[in-house]
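Let me put the chain up, and then I'll walk you through its charged residues.

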Amino acid sequence: MTGPGAGTSSGDSAAWAEQAALASAGPPRADPAPAAGPLPPRAEPKPPLLNIANALTIMRLALVPVFVALLFAGPDTDGWRYAAFAAYAIAAVTDQIDGTVARRRGLITDFGILVDPIADKALTGAALVSLSLLDELPWAVTVVVAVREVGVTLLRLWVIRFGVIAASRGGKAKTLLLNISLGLYVLPLDGIAATGRAAILGCGVVVAVVTGADYVYRALALRRQAGAAPVQSTGG
């Protein structure tokens, strides 16, 4: 008796062997799906409007009328003076804290960028006017600083639809010098301490004028840039 391959040609044997191998290997496998492309970057979530940094800014605004009330409650009484100084000092310290907190925790918002310098101006403006009303500060100093502060605020509002002008380092230095000097003017000081606070105030006024001119330049540059390129609206 002959084997199954008897009487067949060598070509038929090869074909039969190939078919047997394919049958044992099973059905052909599908090609793997192509790898997906890179996912689009996810938009960073915006920080909440009510956060610790903005809360400190709002607290500074709320302390302004408290400071004024304490100062006029007893302008000739050391106790009331120290109480007014405490309110002013707390408000001034929040100005140094809120910006640092916002940057480190990623809590920078358009509200904070706009309202933070307004709170600074409200505090220093209230101190300047109050001390001038008490004849403890020349009105010329108050007028120069007030014109600068109001002018910068109006500039920010003038260009707000093109962008927000953040406070510069010079502006922060101006605020620090004014806060130190005005806080010392609230205290009942005399002698060399009184001379020192007057010198610090003079430096603050000079920096205020120089940085005021810089804000004018930045506002005009922002308007020129907005006029040269189409404005892209952003959400929020």
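Predicted model: local features only at pLDDT ≥ 70, side-chain atom pairs only at ≥ 80, totals over all residues.

Residues are numbered from 1 along each chain as its sequence is written, and side-chain values use heavy atoms, with hydrogens and water left out.

The chain has seven helices and zero strands; helices here are DSSP runs of H or I with at least four residues, strands are E runs of at least two, and both are numbered from the N terminus. Of its 236 residues, 32% count as buried. If you take contacts (heavy atoms within 4.5 Å) with a separation of 6 or more, 77% of them come from residues 24 or more positions apart.

Now the salt bridges, meaning a side-chain nitrogen of Lys or Arg within 4 Å of a carboxyl oxygen of Asp or Glu. By that rule we count seven. Take Glu-136 and Arg-81, which meet at 2.2 Å, N to O. That pair ties together distant parts of the chain, 55 residues apart: Glu-136 is in the loop between H4 and H5, and Arg-81 is in helix H3, residues 78-104. How accessible is Glu-136? It's partly exposed, at 30%, whereas Arg-81 is buried at 4%.

Next, have a look at Glu-149, buried at 5%. Its side chain meets Arg-148 in a salt bridge at 2.5 Å, N to O, and Arg-148 is buried too, at 8%. Glu-149 also bridges to Lys-174, with the closest N and O atoms 3.0 Å apart. Those two are 25 residues apart, and they link helix H5 to helix H6, residues 169-186. Lys-174 is buried as well, at 3%.

Then there's a network of salt bridges joining Arg-60, Asp-116, Asp-120 and Lys-172. Asp-116 sits in helix H4 and is buried at 10%. Beyond its neighbours within four places in sequence, Asp-116 touches residues including Thr-57, Asp-95 and Phe-111.

Asp-135 is in the loop between H4 (110-133) and H5 (139-158), and it's exposed, at 68%.

Notes: Buried < 20%, exposed > 50% of the residue type's maximum accessible area, 1.4 Å probe, protein only.
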